[in-house]
Amino acid sequence: MLQILIQLLIIIPFFGFIISLLIPRKLERTISITAIITVSTHSLLFILLLIYWIYTGNSIIEIKEMETYKSKAFDFFIDIYFDKITAVYSLVGFVLMFTVTVFSHFYLHREAGFKRFFTIILLFYLGYNIVIFSGNMETLFIGWEIVGVCSFLLIAFYRDRYLPVKNAIKVFSLFNLGDVCLILVMWMSHHLWHHNITFSELHDSIYVHAYLRHHHSYGIFIAVMILIAAVVKSAQLPFSSWLPRAMEGPTSSSAIFYGSLSLHLGVFLLLRTYPFWESLLGIKVSIITIGFFTALIATGIAKVQSTVKTQIAYSSIAQIGLMFIEVAFGFESLALIHFAGNAFFRTYQLLVSPSVLGYRIHNMFFNFKSTNFSSKKPFFKTLNNSFYILCLKEWNLDLYINKLLWNPFKFIGNKSQILNAKPFMGLLLLIYALGILSFNYQNLIPVSIYKLLPVFYAFLSLLIVLKAFTKRGDAIWSWMLILSSHFFIALSVSLNDTFNFNETIIFMSGAIISAITGYICLVKIKKIDNDINLNKFHGYNYEKPTIAIIFLLACLGLLGIPITPSFIGVDLMYTHIFEEQYILILLISLSFVFIELSVLRVYARIFLGPHKKSFHPIAYKSS
Amino acid sequence: MISELDILENSTKIKNTFFNEKTVLHNLKHYLPSQTPLKDFVHHNTLHAFQDMKFYDAIFKASDIFGFRATLQLTEFRELFKNGRIEKSILERVIVEKKGLTNLEIWKEKLLEKQYEATNTARIGILRQVWKQKFHIALDSLVQPILFRIICCYLDQGISLWKFPNSNTGFFNAIKEIEESSFTSFFKSKRAKSLLFKQGLEITDLLKILVGDDERYYEQYLFDQQFTHKGWSGIVSSIENTPQSLLDLRKIYLRDLILFELLLEIDAIDSEIGEDWKPLTSKVDFEPIDLFKDSEYKELNEVFALWQNGFEWSYYDKVLAGIKLDNEKKISKRLNSIANEKLKSVKNFQAILCIDERECSFRRHIEKADSNSETFGTPGFFSVEFYFQPENGKFYEKLCPAPVTPKYLIKEINSNNKREHEILYTDNVPNLILGTLYTFSLGFLAIIKLLLTILRPKMSPSISDAFKHMDKDSELTIENKNISDIENNLQIGFTIEEMAIRVESLLRSIGLIDNFSKLIYVIAHGSSSANNPHHSAHDCGACSGRPGSVNARVFAFMANHSKVRELLNSKGIKIPNDTQFVGSLHDTASDLIAYYDEHNLHDANIQLHSKNKIIFDNALDNNAKERSRRFASINTKFNLKKVRSSIEKRSVSMFEPRPELGHGTNSLCFIGNRALTKDLFLDRRAFLNSYNYRTDKDGSILCNVMKPIGPVCGGINLEYYFSRVDNYKLGAGTKLPHNVMGLIGVANSCDGDLRTGLPLQMIEVHDPVRLLVIVEHFPSVVLETIKSVPDMYSWYLNEWIHLIVIHPETNKIYYFKNEEFIEYRTMTETVEGTTDIVNIIETARLMETNNIVDATKENLPVYLIN
């Protein structure tokens, strides 16, 4: 009974999503009502479940759902889990989701992208439910990725303007970093536990301690990766500045994503993995420190904000900082109440944010007091000014992230001029062929050299994709570079461990089909004006919306976004890298990060942004 | 004034030789958007800077310079032709008139078939592109986010808790003072900061560093720079012009903004590539461009102009045919009607409403609900201009057209209005400790509130309520009994003579000088809406974007005043003693009405009044029904009361981005007797100004009636036109992602430019056509009248407004063209008649998409009401 209910809770949003995909764009009402019905049914079922669950003594429920892939070394299965945390997240989720879908049913009337909006929020709801009902990291990751992609699509909802697209890429880059951290968590977990660990097993503290005592560094590594993923998702320091920039979609989508549900998933991740890092003092202290400084600094930044939505964003970040502290101290229930209060409050504030103008002006009209600036001691005045400037500049967070995180890679990409030359392609092919040969004639190669080959090929892969990432030339060329980077990863991993043909096929099949589809799309677009240079936004979506959608799907396929074969492939690849191979894992992870970024960059530059032809109204770059 | 002009003239002579800061700043301010902070939305011609040119020359030139679209797209025009919205016969006539009969086929082919390269590149921005192209610096991305944030924080009226330090000393000084005593800096590098403190820093000092020694490029550079963010530059320029448009005063000059932006640019480049770089012109390989040189001839522009004319006249022609046919019918029944008029010379009641086209349907429904009633239209400030101070208000509100500066103040006293608060709107949220407490408490209140606002929308303190503008039961200091009663240079109230002048002028202008009914309603309008930063754009334009309730009440008081009546009597306007004026307010969004000072009514009138209230209520029911046909959320066929309550609910719904549709579809302006339009169904598209040519044979009153038509109606019409044809660059885009900036405007993103113009939701029903003014008078009188005021004349001469005169005796139609009136013959032969408007309303279809090709189908044609 319970099992079926829980499964339904995940299936319903999925069906809602599929149905909404099939409804023609013109049938506005049908689309939004489908969404409302989906959410309502989901809510009703959940209430049933909740009553039953409380009645039966609210114990933890776990269901091992299905195995998607199994080999000796690796067992990939979907696992479902339900406890108090899930209950609260689900409760808040459906209440807000219901409110926002009803709100949007009217609010989005006649908006271009009406259907897109409802399909995306249903997909998001599916992702959200997968995350909160997940019983292991793999399942959680699927939901996590879906939420990430939906974020990208909703921030870039107004895709014919420059800033939404720019900010969507910016936010997605950071999310992507968090995603890779989660992949690393899974990778290391495989090596730590030697099987696919579920969250319920983490509750067995003796078992966990036993493992951690032997492999302390592994434990730290996993916890740090979890922390980074949570910090990114919940916009804590130093990644806070993405949140205000994510408020680009319709107000109601900002409310549900960045006011409430998506933003609090970082807290969820910490709550969910608490039994794992509970005994790691260093991690606890880090979480508290991050939470504390975020709360302080975000409060300062919130106070200088002179726009409604950014003020709400930073206030919310500060509250989440406090939640981090609560979680670290083990105050689970407090954190959950805090989460609910914050999510409700921010959603409300964002939804009514346009009315602030009228309300406050009216208020001012009757209660105005002019600000008093005098009489501060010079030192305090200086201090005040200093912090004011810092907060106004958002503590330069954006700048540092660019400088420290992305610029080094851009630098490498720009410096590797040699990759520009066409003959170099031939050289790469040769090197690649040599790699395959060396794989077949392993015994002819000295072991010490053979062991370095995976790193060598992974390095090449990274170099190639960095080139694609920074390249301003032809999009097709970049696309090819991305694909070759994929091939190099496959080769590198194959050289690293016993070669399993099936697994590489799984990995490459998704990638190759997507790559070919993408290639065809790009060729078709190139035929229009013979200009698909990546140095500017082209906005071809205006002319060729269908190609744009197909290309987007190809991109997602190439990235290994859930449900495509290459998703499992990516996961599989990682199992062939051993726990001590830090350099290799770093190179391959970075390659994956930049593959993802480059792919989306190609999509964004070619299809999104202001259309380059001005026979119709197009937006200013400053909007 | 003269000296300034002289400077300008002198400077244009020497323009090409060197840079004159004053002139360039003056020019910039001239071309930047002049939109004021959003709390007062005053409609105006978006391209006011080009108004001294002919319409088409102006829009195409402006389009060449700034790169926006000035008309619909070619494909759209062609679609409109295909679906019949642009009539073939009209289009052909337009072509023949312009190109001659022999060229008809050639031009038809051009309009309908020929492929054009329609992409236009703007002149603006070419110079500064060099930063990106040759220096590989994305200067705008580096400078704009921080620049916008600093300006927004400086101007902020009440969002931030931590105020901009020293914001009382002027923008540039404040920046200096902060930088002087701070451990941190807005700048990333040293040079810019030291330049900031340079004594007597001039724009040219900085341009020399950035652009180089060649001063010929300076003006172009500044235009390029300021127009990459015309929203912020525009608001700064507008605040510089009228600082009192902010409640919390801020001193800021466009010059400050430019200086600071130039400093930030130097700073950004320095920190990207170090201090050692050559100025922009070192890599510029083209001569400076004169942005404002005349455009080259483009055939496509002529094609657009022909299409636009075809589009406009396809509609106008039907309207004019309607008037003509209706008049002919009346003339044939003339004897009848005169007899009738005599019989019914005193009406049951009369109502004076605003000329606003939203009242066009309300008036029709009033007249239908009581066929023996009479309505008039006049600009909704009712000829009384003053500042208003609500009780406990810390500021004054201007209640008259924006260009007028009143000398009077009217105060609200003895108000029972308690200002209500919305606890969830607390501004202390960014506070960490309070914020946390709120999250734990208000958070859970918020979700209940949220569910209620969605499931049961109702009026709340967070919604702008037109009826709250003035307390119904308060008193107003309308009469001035002592001339020394002066506050801040404003006389409190009007003296008897001043009142009489205003009452007389209004009554004469609308031709109401005899046959007074017992009750005369003075109905102002306002609009309530929720979650809408543009709410004041829906209020009365003649009251500076506010509800006109106070004006209506003030006018009624004046007209009821016995001493005023004595004076009027001496001037030949005899208002019977039992006649009373009643001020009231119509909410155009919720279709509710309020009446003021009902307790002053004579006993006999009380009964009449309660009867009339039922009539008004009935009219509002029908008005609500007529409006509801455009709202997808309401089924028009439901019973009247249900529709009305849905309309009311709409106006208080947080989730409703279209509480009403504002001035959307406005396209006509009638100046004449109501009889001219009474039997026409105009679908709420006409401004209706009452005027009686019989009482004004020489046109002396007409001049005053027509003076505001250009700036008010023309302004509204053109703002809608431009926001419709290019909603991205000239309008504010869709409302849904808007973020309120500093309580002064909206922007899309946190780093975006302020959006000026109208949002998509307000313009999607609008057909972009120019205003057609129709005057009932003799052509010679009208010609003389418009020529008498050059400012007024230029609107018509330059074709920003079309002008038609209906000869009251011959019933002939004349069109103003090339400084004279020529006879206009309508092409439309029949106009459909109907007795059943309700059926037409109920069966009208909603637009499929808001693309003009679909949207225009929602606008109904002209019908004769039989």
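Strand β19 of chain B (residues 813–817) is largely enclosed by the rest of the structure, because 4 of its 5 residues are buried. Buried means under 20% relative accessible area, exposed over 50% and partly exposed in between (1.4 Å probe, protein chains only). Strands (E, at least two residues) and helices (H or I, at least four) are DSSP runs, numbered from the N terminus. The model is predicted: local features need pLDDT of at least 70, side-chain atom pairs count only at pLDDT 80 or more, and totals for chains, interfaces and linings use all residues. Residues are numbered from 1 along each chain as its sequence is written, chains are lettered from A in the order in which they are written, and side-chain values use heavy atoms, without hydrogens and water.

Two strands pair if DSSP finds at least two bridges between them. Strand β18 of chain B (residues 801–806) runs antiparallel to β19(B), joined by 3 bridges. I813(B) is the bridge partner of I806(B). This hairpin has 6 residues between the strands, and N811(B) takes a positive phi near 65°. Strand β20 of chain B (residues 820–823) pairs with β19(B) over 4 bridges, also in the antiparallel sense. Here Y814(B) stands opposite E823(B). A salt bridge is a side-chain nitrogen of Lys or Arg within 4 Å of a carboxyl oxygen of Asp or Glu. R358(B) bridges to D356(B), with the closest N and O atoms 2.8 Å apart. Both residues, R358(B) and D356(B), are buried. E504(B) and R508(B) form another salt bridge, with the closest N and O atoms 2.8 Å apart. The two are 4 residues apart in helix α19 of chain B (residues 496–510), so about one helical turn separates them. E504(B) is buried, at 14% relative accessible area. R508(B) counts as partly exposed, at 26%.

Chain A and chain B also meet across an interface. There, 106 residues of chain A are in contact with 121 residues of chain B, contact being heavy atoms within 4.5 Å. The buried area is about 10200 Å², of which carbon and sulfur atoms give 64%. Buried area is the accessible area (1.4 Å probe) that two parts lose on being put together, summed over both. R110(A), Y359(A) and F365(A) supply 9% of the area that chain A buries against chain B, more than any other three residues. The count between the chains is 5 salt bridges. R245(A) forms a salt bridge with D751(B), the closest N and O atoms being 3.1 Å apart.
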